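Try each task before you read its solution.

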Amino acid sequence: MALKGGTNRSSCAACKYQRRKCTPQCVLASYFPANQPKKFQNAHRLFGVRNIMKILENLQDEDQKADAMKSIIFESDMREKFPVYGCVECISYLRQQLQITLQELDEGESSTQGISYSDFDISNELKSYLSSSA
């Protein structure tokens, strides 16, 4: 789609939301593509654009910026899916799975029959989310 000025670049989700022109120097364009507006809306709702920009400005390394944005996007998506606990619910589920696995390793193969996975209270939505993202 050609925009005025002869550029073929479409606005990122952040610039579309803010109704401004997306320039090639837009910091958020690589993290919030135009075809994924929900990702930006979740991050904007939880953190705000100004705070996201402050976080990115305080980091010099591109790898750190990418990791920070992955964390922001993950946390905001989890907050939308699980409004009460957010990513804490996901982290505690994974911690429980790790504890079970470590217990199995410590006790050997025979101990796997004694552990009941139904003892853990985890929502079906979280189970399906984690299995689909793995």
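This is a predicted model: local features need pLDDT of at least 70, side-chain atom pairs count only at pLDDT 80 or more; totals for chains, interfaces and linings use all residues.

Residues are numbered from 1 along each chain as its sequence is written, and side-chain values use heavy atoms, with hydrogens and water left out.

**Exercise 1.** Find the span of helix H4 and compare it with the expected one.

Solution. Start with the limits: helices are DSSP runs of H or I with at least four residues, numbered from the N terminus. H4 covers residues 62–81, which is 20 residues. Next, recall that the expected span is 1.5 Å times one less than the number of residues. From first to last C-alpha, H4 reaches 28 Å, close to the 28 Å expected.

**Exercise 2.** Is Ser76 buried or exposed, and what does Ser76 touch?

Solution. First, set the classes: buried is under 20% relative accessible area, exposed is over 50%, and partly exposed lies in between (1.4 Å probe, protein chains only). Ser76 has 2% relative accessibility, so Ser76 counts as buried. Ser76 sits in helix H4, where the buried residues also include Ala68 and Ile72. Then look at the side chain: one of its polar atoms is 3.0 Å from the backbone oxygen of Ile73. Finally, leave aside neighbours within four places in sequence; Ser76 is then in contact (heavy atoms within 4.5 Å) with Asn42, Ala43, Leu46 and Phe47.

**Exercise 3.** Locate the salt bridges and describe each partner.

Solution. Begin with the rule: a side-chain nitrogen of Lys or Arg lies within 4 Å of a carboxyl oxygen of Asp or Glu. In one, Lys38 meets Glu80 at 3.5 Å, N to O. This pair links distant parts of the chain, 42 residues apart, with Lys38 in helix H2 (residues 37–46) and Glu80 in helix H4. Lys38 is partly exposed at 38%, and Glu80 is partly exposed at 38%. Another joins Lys65 and Glu62 at 3.8 Å, N to O. These two are 3 residues apart in H4, so about one helical turn separates them. Lys65, at 17%, counts as buried.

**Exercise 4.** Which residues make the nonpolar surface patch of about 340 Å²?

Solution. The patch is made by Val84, Tyr85 and Val88. To place one of them, note that Val88 lies in helix H5 (residues 87–107).

Notes: A polar contact is a pair of N or O atoms within 3.5 Å; within protein, one must be able to donate a hydrogen and the other to accept it, and residues adjacent in sequence count only if both atoms are side-chain atoms. Patches are made of residues with over 30% relative accessible area and no salt bridge: like charges are joined within 9 Å, nonpolar side chains (Val, Leu, Ile, Met, Phe, Trp, Tyr) within 5 Å. Accessible areas come from the Shrake-Rupley method with a 1.4 Å probe; for residues, only the protein chains shown count as cover.
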